[in-house]
Amino acid sequence: MTITPQWLLLSLGLMAGTWILRALPFFTSALDRLPPRAQRFLSVVPAAALGALVIPDSFSAAPLPIVTAALVLAFVMTVKRVPLTITVLTVVLLVWLALSIVPTLT
Amino acid sequence: MPVRDFVGGLVAALPIATGYIPVAITYGLIVRTAGLSPLDAALSSALVFAGAAQFLAVGLYGVGVAIPQILFAGWMLNVRHLLMSSVIARNIPPAPVHVKGLMAFGVTDEVFGVAGTEISVSTPISLARLAGLELGAYSAWVGGTVIGALAGEVIPPGLKTAMGLALYVLFTALLAGQIKRGPVRQVVVAAATAAAVNIVLRYGLAAGPGIAFPIAMVAGGVAGMSVPERQR
């Protein structure tokens, strides 16, 4: 079994950055003193990341009507307080079902 | 009672594990599809333990984006953990440096979801319970990745397509959760701006995902923070 050096490098880099972000608050309270604008930026940047992750790449992950239906369903289920696990499992199974019924869509 | 607390933490991790395993299987599968080995898949999950960033990384890696750009995008995505860790860090008993460092490694969205809720009900959370919670989640994530990387080939094509969509379903659900927690207008403006900028860059200017993604994300963040708080 092989290790791809480039991929290992990427994983180590991600590990370091992620760990630093997770660990900083355990060792310093400096974050509590960030200017309000910076705090507001930090609080909305994950939503921005998610928006750019979903659109437009999800459009080509499956036939567009299925993608749209799946994402709308996931959104509604989450707003209705359905747990994350059940949401993901349900939507994936429904998509699989839809693709099985209409095989030309794959 | 540390042992009982630890086991209690493991039990509390069960719902997280149920959610992680199918997502981790999908991740293992996608890593293989990108031309990497099962060991590559397992290593990345064991080292990074950050699902969304790992999906982002394998997606960008698969289309040939340079490593520094992938790293930048992945780190920005994980900036949210700063805020989660600062809640947990304020609510654990004093601990040696290496213990705090280890506890920090396991702070994922879902671990925070459970630990943060417990903290809001009964502060603080014991170190043994937090350790159990994190270890339970971690085992499911790494184990699921290995299953997906080794057994991914036997999965029928329709299910593969559906599982490939699982990632966007997960992201959409996480986004819906953020919108619900609010501040609603800022979060919606941030996500919509980032998506719109991403479309313009990718389709309008034919930019690669590695360049477009960080720009879109920062633009979304700036737009979101510029929305004034609602006056009460």
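1. The model under discussion is a predicted one.

2. Helix H3 of chain A covers residues 64-79, 16 residues in total. From the first C-alpha to the last it reaches 23 Å, close to the 22 Å expected at 1.5 Å a residue. Its buried residues are Ala70(A), Leu71(A), Ala74(A), Met77(A) and Thr78(A). They lie on the same side of H3(A), because the arc they cover around the axis is only 130°.

3. In the loop between H2 and H3 of chain A is Pro56(A), joined to Ile55(A) by a cis peptide bond with omega of about 10°. In the loop between H3 and H4 of chain A is Arg81(A), a residue other than glycine with a positive phi, near 70°. Arg81(A) has 8 other C-beta atoms within 10 Å and is therefore exposed.

4. Chain B also has a non-glycine residue with positive phi: Phe49(B), at about 50°. Phe49(B) is in the loop between helix H3 (38-48) and helix H4 (51-62) of chain B. Is Phe49(B) buried or exposed? With 24 other C-beta atoms within 10 Å, Phe49(B) is buried.

5. The contact between the chains takes 66 residues from chain A and 81 residues from chain B. On the chain B side, H10(B) gives the most, with 21 residues. That side of chain B, sorted by class, has 54 nonpolar, 22 polar and 5 charged residues.

6. The largest nonpolar core has 111 residues. Those with the most contacts inside this core are Ala48(A) and Ala52(A) from chain A, and Ala137(B), Leu165(B), Val169(B), Phe171(B) and Ala194(B) from chain B. H10(B) gives the most to the core, with 14 residues. Apart from neighbours within four places in sequence, Leu165(B) is in contact with Ala61(A), Ala62(A), Val67(A), Ala70(A), Val92(A) and Val95(A). Ala70(A) is also one of the buried residues of H3(A).

7. Helix H11 of chain B (residues 184-204) should span 30 Å, because it has 21 residues at 1.5 Å a residue; its end C-alpha atoms are 29 Å apart, which agrees. Among its buried residues are Ala194(B), Gln186(B), Thr193(B), Asn198(B) and Arg202(B). Ala206(B), which follows H11(B), has a positive phi near 55°.

8. The domain assignment divides chain B into domain 1 (2-163) and domain 2 (182-232), with C-alpha centres 25 Å apart. Their contact takes 9 residues from domain 1 of chain B and 7 residues from domain 2 of chain B. Helix H5 (residues 67-77) of chain B supplies the largest share of the domain 1 side, 5 residues. By class, the domain 1 side has 8 nonpolar, 1 polar and no charged residues.

9. Chain A is assigned domain 1 (1-33) and domain 2 (35-105). The C-alpha centres of these domains of chain A lie 26 Å apart.

Definitions and conventions:
Residues are numbered from 1 along each chain as its sequence is written. Chains are lettered from A and ligands numbered from 1 in the order in which they are written. This is a predicted model: local features need pLDDT of at least 70, side-chain atom pairs count only at pLDDT 80 or more; totals for chains, interfaces and linings use all residues. Helices (H or I, at least four residues) and strands (E, at least two) are DSSP runs, numbered from the N terminus. The expected span of a helix is 1.5 Å times one less than its number of residues. A residue is buried if 20 or more other C-beta atoms lie within 10 Å of its own, exposed if 12 or fewer, and partly exposed in between; C-beta atoms are placed from the backbone. The arc is that of the directions from the helix axis to the C-beta atoms. A nonpolar core is a set of buried Ala, Val, Leu, Ile, Met, Phe, Trp, Tyr and Cys residues joined through C-beta atoms within 7 Å. Two residues are in contact if their C-beta atoms, placed from the backbone, lie within 7 Å. Ala, Val, Leu, Ile, Met, Phe, Trp, Tyr, Cys and Pro count as nonpolar, Asp, Glu, Lys and Arg as charged, and the others, Gly among them, as polar. Domain bounds come from an automatic or database domain assignment.
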